[in-house]
Amino acid sequence: MSTGYLLTIFTFIAIYISLALSLNILVGFAGQISLGQAAFFGIGAYTSAVLAIRYSLPFTIDFISAILITGFVGLFLGLPSLRVRHDFLVLATMGINFVVISVFKYVDFFGGAMGLVNIPAPVLFGISFRGGVPYFILSSIYALLTLGLCWYISKTWSGLAFQTIRSDEDAAASVGVSSARYKIYAFGISAAIAGGAGSLYAHFIGSVFPDTFAFVESIAILSMVIFGGVGTLRGPIIGAIILRLTPELLRFISDYRFTLYGALLVLMMLFQPMGILGNGSWLWQKLHPNNRDVANTPQMEVK
Amino acid sequence: MPILEVERVSHWFGGLQALKDVSLYADREILGLIGPNGAGKTTLFNIISGFLTPTHGKVIYLGKPVQHLPPHQIVRLGIARTFQIVKPFANLTVEENVLAGIGMPYYAQFRGLVAPYRTTANVHTASHLLELTDLQNYRNAPANRLPIGIQRRVEIARALAIKPKLLLLDEPAAGLVAKETLELANLIKNLHQQGINIILIEHNMRFAMSLCQRIVVLAQGEIIAQGQPIEIQANEKVINAYLGQE
Ligand SMILES: Nc1ncnc2c1ncn2[C@@H]1O[C@H](COP(=O)(O)OP(=O)(O)OP(=O)(O)O)[C@@H](O)[C@H]1O
Ligand SMILES: [Mg+2]
């Protein structure tokens with residue numbers, strides 16, 4: 001394996017860590033299952049691509065616009081979550097995914113099925129960031145910033161409010177949490193981060209095509225969150241790493257690698273449904289025997 | 001002026017009338033709300049706390065109509081409640097459940113998005129509430145793994161965390177053992193002495209009679225009696241309503 005190839009994989013992993021963490025805000029923190037995260041990823045990528053190609057705007061502006069515009073679209077597309085219960089939300093977010101892809105595909109402005117190509121490499125402080133180590137560092141910084149933001153959110157009242165609506169919306173209302181408001185926040189924040197990841201992706205690859213952001217991609221991102229351990233910060237990270245690496249490591253069995261990948265997912269859900277590093281998982285208890293879920297629970301006198 | 005007035009409230013669930021022209025008031029007291037199964041007691045609590053909008057009628061709190069407000073706004077006015085079927089935040093510890101209540105003033109403000117919740121002052125307030133409800137030993141326990149009696153106390157502690165003027169308790173003694181029931185009665189008296197007004201739904205007649213200064217009896221959606229515990233005990237309609245059930 002060449003260094004270039006490895007760096008490409010690592011850059012992808014960094015981008016997918018941001019994506020998995022972004023979806024975790026929605027699914028893990030606020031308890032809103034979404035099968036549409038790739039749509040936000042795509043909106044960020046296309047925003048950035050359009051601004052760079054059609055308007056020749058510099059990377060910084062493309063990137064920040066991708067975050068803001070996708071965040072704004074997220075607020076708006078979060079509205080269905082106010083009207084529908086969990087199982088329908090899954091369908092609604094799927095729908096969002098299909099709508100967004102069709103827009104990319106059938107609106108000429110977005111390049112149609114041919115996508116948008118020749119997206120210039122980002123230039124920051126006079127340095128060009130095409131591929132290699134610099135781009136890996138750039139995307140790692142973004143992943144770290146995302147992690148920091150998620151950590152900070154979990155310490156704030158809004159983080160606690162997300163937990164309450166995930167647990168029980170009536171109980172949340174009884175302590176003054178408007179679940180509508182906080183669902184919209186979760187969609188907005190989650191989408192904004194995914195939008196930034198999309199921008200990094202577009203400038204990394206240099207081109208965007210509609211199918212990259214299709215429904216299967218949403219499933220892939222959700223798998224990372226659930227595989228690693230939904231609701232924790234470590235889970236989506238480890239999920240993104242393992243699920244991005246496995247197909248690469250299994251390349252030698254070529255055709256069967258996705259069969260194995262699928263089997264891995266199924267086994268995981270059967271035996272460790274909380275995710276590989278989720279609270280209460282076998283591995284997490286081995287690594288971290290003092291975690292509060294087991295150790296600090298007082299012995300209950302159950303009659 | 002009473003703290004709370006319910007004015008001619010009726011409520012329909014589709015074709016079923018759960019409340020028929022109910023009027024009552026609550027003042028600086030422990031008010032008991034009793035009645036057989038399906039009488040409409042919980043429905044009335046849901047209406048007062050904003051979880052349901054009554055089909056007809058008004059709820060006046062501190063002189064202002066509030067029946068159109070959603071629950072997360074009602075609670076900001078100082079009306080807290082517990083649930084008949086307990087709903088603690090299962091994914092949070094007991095302490096975090098209480099902190100979630102302490103956060104009530106923040107959730108509607110921008111500050112809530114950026115202010116950390118686990119401050120020394122907030123943890124201190126939470127500790128105080130945990131002591132008051134005798135939960136200090138369960139501080140770090142996940143709320144969903146506790147026996148029902150303790151989960152009920154967690155709900156009371158969480159409700160107290162919003163600093164209520166009016167506290168609605170929906171069958172707080174249900175599922176408790178005798179000793180716990182006694183402790184609960186003491187807690188409720190204590191809260192009342194601290195100036196919190198309480199409306200209590202109760203099935204256990206003896207418990208209600210010993211605790212409440214005044215009692216309202218609902219049966220099949222209608223108020224059939226109200227008055228002092230002694231009067232209620234002797235009231236023929238009440239006896240019939242309860243006998244009819246058994
Ligand atoms: N959401 C609802 N939809 C339809 N009917 C309902 C609903 N909630 C309550 N009811 C009906 O309204 C009536 C009153 O119910 P409610 O729960 O208020 O009674 P309750 O006095 O609290 O009874 P219990 O002592 O069993 O708790 C019952 O007939 C009940 O079946
Ligand atoms: Mg009831």
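Analyst: Begin with a term: helices and strands are DSSP runs, numbered from the N terminus. Keep in mind that this model is predicted.

User: How does one find empty space inside a protein?

Analyst: Rolling a probe the size of a water molecule over the atoms shows where empty space is left. Here, a search of the whole structure gives 2 cavities of 30 Å³ or more.

User: How much space lies in the largest cavity, and which strand gives the most to its lining?

Analyst: The largest cavity holds about 50 Å³. β6(B) gives the most to its lining, with 3 residues. Both α2 (71-74) and β6 (79-81) of chain B supply at least two lining residues. Ser174(A) is also one of the lining residues, alongside chain B residues including Phe51(B) and Ile79(B). By class, the lining has 6 nonpolar, 2 polar and 1 charged residues.

User: What lines the second largest cavity?

Analyst: Its lining includes Phe83(B), Arg152(B), Glu155(B) and Asp170(B). Helix α6 (residues 148-160) of chain B provides the largest share, 3 residues. The classes are 4 nonpolar, 1 polar and 3 charged. The space amounts to about 40 Å³.

User: Now the surface. Which residues make the nonpolar patch?

Analyst: Tyr55(A), Leu57(A), Ile61(A), Val99(A), Val103(A), Val107(A) and Phe109(A) make a nonpolar surface patch of about 560 Å².

User: Where is Leu57(A), and why does it count as partly exposed?

Analyst: Leu57(A) sits in the loop between α2 (37-53) and α3 (59-77) of chain A. Partly exposed covers the range between under 20% (buried) and over 50% (exposed). Leu57(A) counts as partly exposed because its relative accessibility is 30%.

Methods
Residues are numbered from 1 along each chain as its sequence is written. Chains are lettered from A and ligands numbered from 1 in the order in which they are written. This is a predicted model: local features need pLDDT of at least 70, side-chain atom pairs count only at pLDDT 80 or more; totals for chains, interfaces and linings use all residues. Side-chain values use heavy atoms; hydrogens and water are left out. Patches are made of residues with over 30% relative accessible area and no salt bridge: like charges are joined within 9 Å, nonpolar side chains (Val, Leu, Ile, Met, Phe, Trp, Tyr) within 5 Å. Accessible areas come from the Shrake-Rupley method with a 1.4 Å probe; for residues, only the protein chains shown count as cover. A salt bridge is a side-chain nitrogen of Lys or Arg within 4 Å of a carboxyl oxygen of Asp or Glu. Helices (H or I, at least four residues) and strands (E, at least two) are DSSP runs, numbered from the N terminus. Buried means under 20% relative accessible area, exposed over 50%, partly exposed in between (1.4 Å probe, protein chains only). On a 1 Å grid over the protein atoms alone, a cavity is a set of points where a 1.4 Å probe fits but cannot get out, and a pocket is an open set with protein on both sides within 12 Å along at least five of seven lines; lining residues have an atom within 4 Å of a point. Grid points are joined across faces, edges and corners, and a volume is the space filled by probe spheres set on the points. Ala, Val, Leu, Ile, Met, Phe, Trp, Tyr, Cys and Pro count as nonpolar, Asp, Glu, Lys and Arg as charged, and the others, Gly among them, as polar.
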